[in-house]
Amino acid sequence: MRVITGKYKGRHFDVPREFKARPTTDFAKENLFNVLNGYIDWEDKCALDLFSGTGSITLELLSRGCRRVVSVERDPLHYRVITEFINRLGDENAFPVRGDVFKFIKNAREQYDFIFADPPYTLPNIPELPDLILGRDLLLPDGVFVLEHGKGDSFDSHPRFVEHRSYGSVNFSFFQ
C-alpha cells in the first residue's frame, strides 16, 4: 500500500497477510482524490475515516495536510497496524479510535469537512449509513461524505446524493 501524493508521497506500508480488510486500490484511491480535489482544499480540514481497515485513506488524508484525521476501526489487529503506520509517520494530526463505527456515530459530537466510510461490502446495513451519518450532523455544511460500496448498492435516490463514481469493482457515492 502506498501514499499517492502530499508530504508522504511514495511512502509504502506493508499490510499483513492475515488482514481481512482489502485496501482501496491505488487506481480507485487516486481517482477518488482527483474528484475530491474539486470539492475540498485539504489544508487544515478535519476528516473522519470510518471502517478504516488498512488505514490507507487516513494516511492519504494526513499526507494532503488535514489538521485532524479521526480513524475508527473495530478489529484489534487492523487498529494496531493503523496505529503503527501513523507512529512511523510521526504525524500528530491522527487520532485512531478502536471501536464500533455505529457506536462512534451515535456518540460523536464533532463535525467534519470530509467523512469517508468503507464498510465491508457484505455489511447488511450499508443502505442505512448515509442517513445515520448525515442525520447526526457530523458533516459540516460545505462538507463531503463519500461511501465506498459494491456494485449492488445504489444511492441515486437519496436526497443528499451528489454523484457516483465507479472504478472497476469499487464504487463511490458522494453526498453533501
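The questions and answers below go through the predicted model of one protein chain.

Reader: How many helices and strands does the protein chain have, and in which pattern do they follow one another?

Author: The protein chain has five helices and seven strands. Read along the sequence, these elements follow the pattern α-β-α-β-α-β-α-β-α-β-β-β.

Reader: Why can the protein chain be called as compact as a globular protein of that length?

Author: The C-alpha atoms of the protein chain fill a box of roughly 40 × 35 × 35 Å along the principal axes. For 176 residues the globule rule gives 16 Å, and the chain's radius of gyration is close to that value, so the chain is as compact as a globular protein of that length, with a radius of gyration of 15 Å.

Reader: What percentage of the contacts with a separation of 6 or more is accounted for by residues 24 or more positions apart?

Author: Contact here means that heavy atoms lie within 4.5 Å. Among the contacts in the protein chain with a separation of 6 or more, the share that comes from residues 24 or more positions apart is 69%.

Reader: How far apart do the centres of the positive and negative side chains lie?

Author: The protein chain carries 23 positive and 26 negative side chains.

Reader: Why is the pair of Trp42 and Phe114 called edge-to-face?

Author: Planes over 60 degrees apart count as edge-to-face, provided that the ring centres lie within 6.5 Å. The ring centres of Trp42 and Phe114 are 5.2 Å apart and their planes stand at 90°, so this pair is edge-to-face. The pair links distant parts of the chain, since Trp42 lies in the loop between α1 (26–36) and β1 (46–50) and Phe114 in strand β4 (residues 112–117), at a separation of 72 residues.

Reader: Are Trp42 and Phe114 buried or exposed?

Author: A residue counts as buried when its relative accessible area is under 20%. Trp42 has a relative accessibility of 5%, and Phe114 has a relative accessible area of 1%, so Trp42 and Phe114 are buried.

Reader: How many residues of helix α2 are buried, and what covers them?

Author: Helix α2 (residues 56–63) is mostly covered, with eight of its eight residues buried, among them Ile57, Leu59 and Glu60. What covers these residues includes α1, β1, β2 (68–73), α3 (76–89), β3 (94–98) and β4.

Reader: Which residues is Asn37 in contact with, leaving aside its neighbours within four places in sequence?

Author: Asn37 lies in the loop between α1 and β1, and its relative accessible area of 38% makes Asn37 partly exposed. Once those sequence neighbours are left aside, the residues in contact with Asn37 are Trp42 and Arg64.

How values were computed
Residues numbered from 1 in each chain as written. Predicted model: local features only at pLDDT ≥ 70, side-chain atom pairs only at ≥ 80, totals over all residues. Heavy atoms only, no water. Helix = DSSP H or I, 4+ residues; strand = E, 2+ residues; numbered from the N terminus. Rg over C-alpha atoms; globule rule 2.2 N^0.38 Å. Lys, Arg positive; Asp, Glu negative; His and termini not counted. Charge placed at Lys NZ, Arg CZ, Asp CG, Glu CD. Phe/Tyr/Trp six-rings, centres within 6.5 Å; stacked < 30°, edge-to-face > 60°. Buried < 20%, exposed > 50% of the residue type's maximum accessible area, 1.4 Å probe, protein only.
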